[in-house]
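Dear colleague,

Please find below the structure that I am handing over to you, followed by an account of what was found in it.

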Amino acid sequence: MVHHLPITKARINLGQVVRRVVRNKEYFILEKDGIPVAGIMGADELEDYLELQDPKVVRAIAKSSAQHRAGKSRPIEEFLADFNPKPKGAKAAKRSRV
């Protein structure tokens, strides 16, 4: 949810505003004389946004999406099996729950 807030009110309640951004994933548009001048959002989301401004990242995402659409992907189970192969002829040991 996006809230509009005068800068003076945000300054007085900065701790509460930041807490709402972090806990509730809310956004705040700060206004000066009714004109939007800045926004407050969570740091993780801001980092993600900034990363998407990098042309290299945009190209990598486009390439990956094209490969997926072309059928060059596989189920996660197959992918993970490459990292933890079972020896031939070995059966998976069953664990009993206690």
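F79 counts as partly exposed, because its relative accessibility is 37%; the class lies between buried (under 20% relative accessible area) and exposed (over 50%), with a 1.4 Å probe and protein chains only. Please note that this is a predicted model, in which local features need pLDDT of at least 70 and side-chain atom pairs count only at pLDDT 80 or more, whereas totals for chains, interfaces and linings use all residues. Residues are numbered from 1 along each chain as its sequence is written, and side-chain values use heavy atoms, with hydrogens and water left out.

F79 pairs with F83, and the geometry of these two rings is edge-to-face, with 5.1 Å from centre to centre and 70° between the planes. For such pairs, ring centres of Phe, Tyr and Trp (its six-membered ring) must lie within 6.5 Å; planes under 30 degrees apart are stacked, over 60 edge-to-face, and the rest tilted. The structure holds one aromatic pair. F83 has a relative accessible area of 61% and is therefore exposed.

D82 belongs to the segment that follows α5 (76-81); helices are DSSP runs of H or I with at least four residues, strands are runs of E with at least two, and both are numbered from the N terminus. The side chain of D82 is in polar contact with that of R74, at 2.7 Å; the term denotes N or O atoms within 3.5 Å, one able to donate a hydrogen and the other to accept it within protein, and sequence neighbours count only if both atoms are side-chain atoms. D82 is partly exposed, because its relative accessibility is 49%.

As to the overall arrangement, the protein has five helices and three strands, and their order from the N terminus is β-α-α-β-β-α-α-α. Of its 98 residues, 10% are buried.

Strand β2 (residues 27-32) contains E31, which is buried but has no salt bridge; K9, the nearest side chain of opposite charge, is 11 Å away. A salt bridge requires a side-chain nitrogen of Lys or Arg within 4 Å of a carboxyl oxygen of Asp or Glu; Lys and Arg count as positive, Asp and Glu as negative, while His and the chain ends are not counted. The side chain of E31 does make a polar contact with the side chain of H4, at 2.8 Å.

F28 is also part of strand β2 and counts as buried, because its relative accessibility is 3%. Its C-alpha lies 5.5 Å from that of G39, although F28 and G39 are eleven residues apart in sequence.

K25, in the loop between α2 (14-24) and β2, has a positive phi near 55° without being a glycine. D33, in the loop between β2 and β3 (35-40), is not a glycine either and has a positive phi of about 55°. K25 is exposed because its relative accessibility is 60%, and D33 is exposed because its relative accessible area is 75%.

Finally, M41, L46, Y49 and L50 make up a nonpolar surface patch with about 360 Å² of accessible area together. Y49 is a residue of helix α3 (residues 43-51).

With kind regards

Key
Patches are made of residues with over 30% relative accessible area and no salt bridge: like charges are joined within 9 Å, nonpolar side chains (Val, Leu, Ile, Met, Phe, Trp, Tyr) within 5 Å. Accessible areas come from the Shrake-Rupley method with a 1.4 Å probe; for residues, only the protein chains shown count as cover.
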